[in-house]
Amino acid sequence: MAQTTSVSELIKQKRNKSRRMKMEKGVPVLLFLAASVSVLTTVGILLTLVVETVMFFTDVSFREFFLSTAMQPLNRSDPSFSILPLLSATLLSTGIAMLVAVPIGLTTAVYLSEYATDKARRVLKPMVEVLAGIPTIVYGFFAFTFVTPVLREIIPILDRTNILSPGIVMGIMIIPMVASLSEDALSSVPNSMREGAMAFGATKLEATIRVVIPAALSGIIASFVLGISRAIGETMIVTIASGSNKNLTFDVTQSMQTMTAYIVEVTSGDAGAGTTAYYSLYAVALTLFLFTLAMNMLAKYISKRYREVY
Amino acid sequence: MAEYIDHELVHKRLPRRIALNKIVRGLFLASTLSGLIVLAVLLFDVIRDSWGWLDWQFLTSVTSFSPEQAGIIGAISGTLWLMTIVGPLTMIIGVATAVYLEEYVKEGRVRTFFETNISNLAGVPSIVFGLLGLTVFVRMLGMGSVVLAGGLTMSLLVLPIVIVASQEALRAVPSYLREASFGMGATRWQAIRTVVLPAALPNILTGMILAMSRAIGETAPLIAIGIPALLIPLPGSLFDSFTVLPVQIYYWTIDAALTAEYAYMAAATIVVLLVIMFLLNATAIFIRNKFQQRF
């Protein structure tokens with residue numbers, strides 16, 4: 001039996017079809033526009049940082065910024081702009097943080113991946129990861145109101161704001177990052193390698209140190225590098241607990257200001273737009289951005305270049 | 001045949017090697033627990049400091065110089081206002097980006113370009129996003145430090161998280177579902193809209209909620225865009241000034257040197273913030289367990 005379809009029905013079908021085809025063509029364009037938001041963000045960050053940094057270097061020489069040692073941006077009569085004091089504080093706090101995060105993070109990873117039973121791992125791993133979910137402002141409060149007073153009992157010469165306490169707390173914050181990325185690297189080492197080592201009579205510890213860790217080394221080192229990047233960019237803990245002293249020093253008992261804390265101070269302070277102090281913000285931020293970008297790319301390079309594929 | 005292994009030596013050293021393994025195992029467990037002990041101390045310290053301050057009056061009053069009258073209703077409403085921008089905006093842009101990368105581009109240079117960009121963006125310190133917001137939204141577009149500027153800044157910050165979570169959710173949808181819909185005559189977009197997205201929705205929502213939880217706890221970018229330290233009126237529109245819970249905690253903590261009570265108020269605000277984040281995370285886990293389909 002021949003199917004009978006009215007003319008109006010056919011027109012309607014045709015129209016539906018052409019609308020559908022338009023959707024098929026239009027949707028990817030819209031989706032592409034959405035995807036380009038993330039690219040525009042990167043472009044926006046680079047443009048704002050670079051443009052304002054250029055403005056800064058019309059007032060201040062490279063020499064002063066990178067080689068002199070005095071940082072007094074708000075001194076009206078004789079302002080000076082050197083990034084070295086901020087850099088020393090950032091490197092110190094990052095160093096202290098890694099001294100805490102690397103040993104604890106790596107041993108936690110080894111325990112969870114090599115020693116813990118499945119049941120213990122299922123309980124412990126999420127608990128360790130809770131540490132990563134605590135907002136940094138809470139860590140800052142903890143460093144300032146708890147860790148510093150406790151440390152001052154032990155080290156009486158410690159200032160009320162110092163770089164030691166936020167460094168330690170920052171390390172605790174980074175533990176889950178190091179632990180979880182290192183654990184991923186350790187557990188991707190195939191069991192046959194552990195079993196091979198143990199068949200030769202190695203204890204679990206010997207198998208771990210001689211075979212499993214070397215095999216997972218690229219992932220483990222990448223986790224350290226990402227931890228460093230995180231520590232360099234961390235803001236609130238140091239802003240609250242390390243004060244705003246801009247002296248070039250390596251004395252961890254003193255108050256010091258990191259690059260990130262400087263940005264917070266200047267944006268929330270009284271440096272008006274257009275002043276050299278305001279532009280210095282962007283020069284510091286660009287330095288910070290380049291440091292973290294370099295670390296992130298290094299981490300990616302290490303884990304890609306040296307990864308053993310099993 | 002020569003003896004290659006000195007059995008006597010092996011036996012002599014064996015007990016020591018086994019003992020060392022046991023000791024190290026204990027040390028590693030202690031190290032794992034040390035992180036958890038710090039977490040417990042932190043929570044204990046915060047709850048102890050907040051004791052007696054966290055009451056109904058504190059939750060429902062506006063801020064004030066006088067500790068007895070101060071409250072955090074302004075910060076709570078500011079946080080909610082912020083979410084009304086960050087939630088929908090990152091959901092739409094994030095999911096659209098993920099669909100574009102997973103369903104349309106699939107592989108090749110374009111995708112590598114976008115993904116490299118997204119992963120680099122995820123590693124940019126949050127304070128740098130704050131500077132972007134300050135320069136572009138607050139100054140260049142002349143918004144001032146209002147809800148909209150804060151919301152847009154925060155949206156850009158958490159966008160990479162939403163994109164990556166949505167990509168993983170889409171990747172978990174098996175390709176036979178797509179092929180079945182093509183086989184039934186669906187176009188690509190019809191297959192995505194009616195089959196793939198609904199199947200990926202629980203995982204997308206889980207990622208969204210975790211991103212919101214991150215946005216609620218972020219402080220640095222909002223301080224950078226210039227949120228005032230003391231704010232009395234509640235925000236009534238996207239173009240009003242506002243403050244949020246973490247920023248309130250920040251100003252009370254640094255002022256604790258002047259007035260000791262501020263530290264207790266900061267602690268009470270932290271408890272509220274942590275409870276909100278805990279509820280969000282619990283919701284995410286609930287959604288994942290309840291609606292996640294195994295294919």
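View 1. Seven residues of domain 1 of chain A are in contact with eight residues of domain 2 of chain A; contact requires C-beta atoms, placed from the backbone, within 7 Å. The model is predicted: local features need pLDDT of at least 70, side-chain atom pairs count only at pLDDT 80 or more, and totals for chains, interfaces and linings use all residues. Residues are numbered from 1 along each chain as its sequence is written, while chains are lettered from A and ligands numbered from 1 in the order in which they are written.

On the domain 1 side of this contact, four residues are nonpolar, one is polar and two are charged. Nonpolar covers Ala, Val, Leu, Ile, Met, Phe, Trp, Tyr, Cys and Pro; charged covers Asp, Glu, Lys and Arg; the others, Gly among them, are polar.

**View 2. Domain layout of chain A.** Domain 1 spans 7–59 and domain 2 spans 84–305. These bounds come from an automatic or database domain assignment. The domain centres, taken over C-alpha atoms, are 37 Å apart.

**View 3. The interface between chains A and B.** Here 66 residues of chain B are in contact with 65 residues of chain A. Helix α1 (residues 7–50) of chain B gives the most to the chain B side, with 18 residues. Helices are DSSP runs (H or I, at least four residues), numbered from the N terminus. The chain B side holds 43 nonpolar, 17 polar and six charged residues.

**View 4. Helix α10 of chain B and its cover.** In α10 (residues 245–254) of chain B, nine of ten residues are buried, meaning 20 or more other C-beta atoms, placed from the backbone, lie within 10 Å of a residue's own. Among them are P246(B), Y250(B) and W252(B). The cover includes α5 (136–154) and α9 (236–241) of chain A. From chain B, it includes α3 (73–105), α8 (188–217), α9 (220–224) and α11 (261–291).

Methods: Contact = placed C-beta atoms within 7 Å. Helix = DSSP H or I, 4+ residues; strand = E, 2+ residues; numbered from the N terminus. Buried ≥ 20, exposed ≤ 12 C-beta atoms within 10 Å, placed from the backbone.
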